[in-house]
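This report describes helices, charged contacts and surface patches. Please consult the sequence and the model shown below while reading.

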Amino acid sequence: MLLVEKVAYLKGLLSGLDLQKDTKEEKIYTAIFSVLDELSSKVLELEESRDELEELVDILDQDLGSLEEDFYEEDIEEEEEEDEENDDDDESSFDDEIEDDITEEDEDVYEITCPSCNDCIYVNESILDDGNMNCPNCNEELEFDINN
């Protein structure tokens with residue numbers, strides 16, 4: 001049952017109560033049902049407008065999908081092929097590049113593992129001499145005791 005139909009049903013119940021005309025109760029009920037009638041009409045209009053908009057959005061989405069397939073099909077296929085090729089090498093090559101960069105800059109570089117996140121961190125002697133640092137991954141404070 002639609003909201004408009006429910007309000008009409010309640011109006012029928014009100015008329016069946018045989019309230020005396022021009023009483024306070026009759027005026028209040030009439031005003032309330034008048035407002036409910038307007039609100040239910042507005043809700044019905046909004047629902048219809050929403051349904052129309054949903055249909056338009058679906059049509060636009062389908063049209064956009066067709067355009068993307070027509071104009072970007074080759075680009076998408078090339079990107080997918082490149083991604084598949086690079087997925088296997090990304091992590092190891094990145095770590096190797098960082099290690100190479102660090103070892104080229106400083107001769108004494110040490111690899112430590114953060115006990116909290118198990119991230120490998122490369123540090124030089126000056127950081128070890130400071131005695132502590134925060135892990136760049138999890139921000140856990142790491143303390144170094146190089147005397148032992």
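A residue is called buried under 20% relative accessible area, exposed over 50%, and partly exposed in between, with a 1.4 Å probe and protein chains only. By this rule serine 126 is partly exposed, because its relative accessible area is 43%. The model is a predicted one, in which local features need pLDDT of at least 70 and side-chain atom pairs count only at pLDDT 80 or more, while totals for chains, interfaces and linings use all residues. Residues are numbered from 1 along each chain as its sequence is written, and side-chain values use heavy atoms, with hydrogens and water left out.

**Helices**

Helices are DSSP runs (H or I, at least four residues), as strands are (E, at least two), and both are numbered from the N terminus. Helix 1 comprises the 14 residues 3–16. The expected span of a helix is 1.5 Å times one less than its number of residues. For helix 1 this gives 20 Å, and the C-alpha atoms at its ends are 20 Å apart, so the two values agree. Helix 2 covers residues 24–105. Helix 3 covers residues 125–130 and contains serine 126. Between the C-alpha atoms of serine 126 and aspartate 108 the distance is 9.6 Å, and the two residues are 18 apart in sequence.

**Salt bridges**

A salt bridge is counted where a side-chain nitrogen of Lys or Arg lies within 4 Å of a carboxyl oxygen of Asp or Glu.

| Lys or Arg | Asp or Glu | N to O distance |
|---|---|---|
| Lysine 11 | Aspartate 37 | 3.3 Å |
| Arginine 50 | Aspartate 51 | 3.1 Å |
| Arginine 50 | Glutamate 54 | 3.7 Å |

Lysine 11 and aspartate 37 form a salt bridge. This pair joins distant parts of the chain, with lysine 11 in helix 1 and aspartate 37 in helix 2, 26 residues apart. Lysine 11 is partly exposed, because its relative accessibility is 36%, and aspartate 37 is likewise partly exposed at 28%.

Arg50, Asp51 and Glu54 are connected in a network of salt bridges. Arginine 50 and glutamate 54 are about one helical turn apart, because 4 residues separate them in helix 2. Arginine 50 is partly exposed at 45%, aspartate 51 is partly exposed at 33%, and glutamate 54 is partly exposed at 43%.

**Surface patches**

Patches are built from residues with over 30% relative accessible area and no salt bridge; like charges are joined within 9 Å, and nonpolar side chains (Val, Leu, Ile, Met, Phe, Trp, Tyr) within 5 Å. Accessible areas come from the Shrake-Rupley method with a 1.4 Å probe, and for residues only the protein chains shown count as cover.

A nonpolar surface patch of about 990 Å² includes Tyr9, Leu10, Leu13, Ile28, Tyr29 and Val35. Helix 1 and helix 2 each contribute at least two residues to the nonpolar patch, and helix 2 provides its largest share, 6 residues. Valine 35 lies in helix 2 and is partly exposed, with a relative accessible area of 47%.

Asp and Glu count as negative and Lys and Arg as positive, whereas His and the chain ends are not counted. The place of a charge is taken as NZ of Lys, CZ of Arg, CG of Asp or CD of Glu. A negative surface patch includes Glu45, Glu52, Asp61, Glu68 and Asp70. Aspartate 70 is located in helix 2 and counts as exposed, because its relative accessible area is 61%.
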